[in-house]
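Good morning, and thank you for coming.

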Amino acid sequence: MISQSREHSLLEAITADPSRKVYIPQGRSYLQNPPGTTFWQGVASWVFTLDHKRIGVMYLCGVMFSFLLGGLFAGAVRMELWNGTPDLLGDTLQTAQDNYNQMFTLHGAVMTFLFIIPSIPAALGNIFLPMMLGAKDVAFPRMNLASFYLWCSGAIFFIATLLTSGLDTGWTFYTPYSTTTSTSVILATMGVFILGFSSIFTGLNFVVTVNTMRPKGMTWFKMPLFLWGIYATAIIQVLATPVLAITLVLLMCERLMGIGIFDPLLGGDPVLYQHFFWFYSHPAVYIMILPGMAIISEVIPVYSRKHIFGYTFIAYSSIAIALLGFLVWGHHMFTSTESKLAAVIFSALTFTVSIPSAIKVFNWLATMYKGSIHLNTAMLYALAFIIQFTIGGLTGLFLGALAVDVHLHDTYFVVAHFHYVMMGSTLIAFLAGIHHWWPKMFGKMYNERLAQIASGLVFIGFNLTFFPQFILGTQGMPRRYAAYKPEFQFLHQLSTSGYFVLGAGLVMAAAVLIYSLFRGKKAPNNPWGAATLEWKCCSPPTTANFEIQPWTGSPYVYDDFVFDPDEGGYVEVLPDLHRSAAVPAERPAVPATH
Ligand code: HEM
Ligand SMILES: [Cu+2]
């Protein structure tokens with residue numbers, strides 16, 4: 001942690017000689033077009049852009065829209081569950097129940113495939129991965145744009161699903177129901193199939209970018225941890241997603257032609273579908289959480305003003321999670337026809353995944369220990385992440401314990417578990433990332449106080465919505481039913497009230513951010529004093545990102561950064577007052593080579 005006296009002397013140094021501040025050239029923002037651009041040229045410059053930041057911004061808009069849509073479906077589910085008789089979603093019991101099935105399916109499918117899987121890698125990863133590498137763009141910019149349009153095509157299939165007969169299979173498309181229901185299974189699975197390719201393209205691009213475009217001086221173990229997390233995610237995206245694609249093709253063939261892969265009457269096996277599905281979808285839960293963890297590993301050291309604790313452990317644990325994640329899919333079938341031996345092995349393997357997860361949590365806590373903690377909005381979200389991920393991860397172990405899972409499987413306990421990890425962790429990390437990087441992405445500062453209040457509402461709302469569901473689950477409330485016994489009503493009503501608090505928090509957070517675009521103060525280059533390379537571009541960056549090749553030091557050493565009241569943000573001070581005069585020679589200001 002940087003001492004106060006050192007900060008003081010750095011400040012004195014730049015006051016006496018402002019040329020000691022590291023110079024960051026300013027230029028035209030990537031969001032703007034050159035003067036004289038007509039409206040349609042402007043539209044074309046976005047539609048055909050190869051700039052990773054613009055593609056990232058388009059993804060951001062897309063995933064936020066999907067989140068809103070998925071959130072509205074969730075509202076329908078929660079409001080139906082206000083009381084135990086299905087009455088809200090239809091006039092008769094039958095229609096209400098049918099519509100309820102549609103609502104929870106559409107909620108789960110939109111949130112999983114359109115929102116949470118692409119959210120962090122495709123939106124924030126796209127914008128920040130090249131910048132953290134000091135690079136101009138990803139390795140394959142055209143493939144990046146293709147990935148975005150594949151995402152859009154997948155989304156169109158989802159919209160077509162909504163406009164036709166909807167979907168009521170649950171987001172997992174389990175057979176045999178998915179081969180017999182009259183809803184639009186083919187359209188939806190086509191959508192997921194295409195979205196899978198989008199995910200593979202993004203993953204491939206990121207693997208190649210990190211392998212080939214690291215700048216001089218940035219060895220693997222000098223890479224920011226965000227890059228390690230995105231790299232591990234990309235490996236899973238490339239290796240696991242094809243399995244989902246094949247599974248869905250088989251499902252379509254079964255449905256259209258009755259080829260007898262999953263139907264026992266034709267010699268197939270419905271549990272086989274579950275094996276295929278979870279062989280992708282368990283690794284996919286790590287596609288969701290690893291990027292979230294990666295953001296938290298960036299946010300915590302910056303706002304603790306302290307070097308990350310256990311860098312190598314965090315880096316290796318991302319890879320360990322990615323690999324172990326391939327070995328545990330069978331924990332979703334403990335109650336099926338899976339053999340006892342297989343179940344015991346899957347249970348034991350499930351426990352091993354918690355080791356690298358816990359390593360990360362301990363390292364984040366150790367980073368904060370004796371740090372100088374700044375409770376900015378991003379940091380508040382990071383703290384919420386640690387609490388909620390711990391609850392989500394530990395309850396995963398309850399479910400991984402064979403005997404316990406037999407009781408808890410298909411109850412609200414599972415619903416609470418995966419919402420604590422998917423929403424309480426990944427979504428919260430996404431919000432931490434959005435607040436941390438907002439000034440860099442859009443060049444505007446948001447109202448910190450209001451954003452903090454919104455984060456508080458989100459925290460309270462989230463826990464009020466989902467904690468009661470753990471209790472409901474242990475008491476035997478099954479998932480995916482619109483009706484329930486009167487004794488469950490109180491906890492369901494708490495949960496539904498939480499939905500509204502959570503919704504208010506999210507709307508407020510969005511309003512604060514959007515307001516800043518119009519009325520926010522101009523952001524300094526480095527408002528939080530972070531040391532990773534993206535902060536060495538101007539805010540917002542230029543199309544080329546770096547006009548001068550940035551110096552790549554340690555991403556987590558904050559000793560040379562001081563808050564400069566003239567800039568309204570942090571500046572890096574050179575030459576280092578405490579090291580010898582040889583230091584500046586190691587930090588050449590050479591023109592960008594890209
Ligand atoms: C950290 C260690 C974790 C362990 C030990 C664990 C364990 C489990 C187990 C055993 C189940 C099956 C429960 C059942 O259906 O009976 C399960 C379900 C699930 N978990 Fe986890 N989990 C962990 C982390 C995560 C993470 C990080 C995510 C997502 C970001 C996640 C998402 C899910 C989902 C989506 C389901 C199943 C949902 C469904 O059946 O519809 N889990 N988990
Ligand atoms: Cu799993």
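Predicted model: local features only at pLDDT ≥ 70, side-chain atom pairs only at ≥ 80, totals over all residues.

Let me begin with a definition: two residues are in contact when their C-beta atoms, placed from the backbone, lie within 7 Å.

With it in mind, consider Tyr30, which sits in the loop between α1 (4-16) and α2 (39-47). Which residues does Tyr30 touch, leaving aside those up to four places away in sequence? They are Asp51, Lys53 and Arg54, together with Pro540, Pro541, Thr542 and Thr543. Take Thr542 from that list: 512 residues separate Tyr30 from Thr542 in sequence, yet their C-alpha atoms are 4.9 Å apart in space. Is Tyr30 buried or exposed? A residue counts as buried if 20 or more other C-beta atoms lie within 10 Å of its own. Tyr30 has 22 such atoms within 10 Å, and is therefore buried.

Let me now turn to the chain as a whole. The protein chain holds 16 helices and 4 strands. Its radius of gyration is 25 Å, close to the 25 Å that the globule rule gives for 594 residues, so the chain is as compact as a globular protein of that length. Along the principal axes, the C-alpha atoms fill a box of roughly 80 × 50 × 45 Å. Of the 594 residues, 52% count as buried. If we take contacts between residues at least 6 apart in sequence, 81% of them join residues at least 24 apart.

I come next to helix packing. Two packed helices are described by the angle between their axes and the distance between the axes.

The pair I shall take up now is helix α5, residues 141-163, and helix α7, residues 185-212. Their axes lie 8 Å apart, at an angle of about 165°. Angles over 145 degrees count as roughly antiparallel, and α5 and α7 are therefore roughly antiparallel to each other. The crossing of α5 past α7 is left-handed. On the α5 side, the residues that meet α7 include Met143, Leu150, Trp151, Phe157 and Phe158; on the α7 side, they include Leu187, Met190, Ile194, Phe197 and Phe201. By class, this contact of α5 with α7 has 14 nonpolar and 9 polar residues, and no charged ones.

Helix α7 also packs with helix α4, residues 93-132. The axes of α4 and α7 come within 11 Å and cross at roughly 20°, so α4 is roughly parallel to α7. Here too α4 passes α7 in a left-handed crossing. Among the residues making the contact are Phe113, Leu114, Ile117 and Leu129 of α4, with Val192, Leu195 and Phe206 of α7. The contact of α4 with α7 has 13 nonpolar, 4 polar and no charged residues.

Finally, α4 has a further partner in helix α14, residues 412-442. How do the axes of α4 and α14 cross? They come within 11 Å of each other, at roughly 20°, so α4 is roughly parallel to α14. The crossing of α4 past α14 is left-handed. From α4, Ile116, Ser119, Ile120, Leu124, Ile127 and Phe128 take part, and they meet Met422, Thr426, Phe430, Gly433, Trp437 and Met441 in α14. These residues divide into 9 nonpolar, 3 polar and no charged.

To close, α7 packs with α5 in a roughly antiparallel arrangement, whereas α4 is roughly parallel to α7 and roughly parallel to α14. Thank you.

Methods: Residues numbered from 1 in each chain as written. Chains lettered and ligands numbered in written order. Helix = DSSP H or I, 4+ residues; strand = E, 2+ residues; numbered from the N terminus. Rg over C-alpha atoms; globule rule 2.2 N^0.38 Å. Buried ≥ 20, exposed ≤ 12 C-beta atoms within 10 Å, placed from the backbone. Axes fitted to C-alpha atoms, helices over the stretch in contact; angles between N-to-C directions. Parallel < 35°, antiparallel > 145°, perpendicular 65-115°, else oblique. Left-handed = near helix turned anticlockwise from the far one by under 90°. Nonpolar A, V, L, I, M, F, W, Y, C, P; charged D, E, K, R; others polar.
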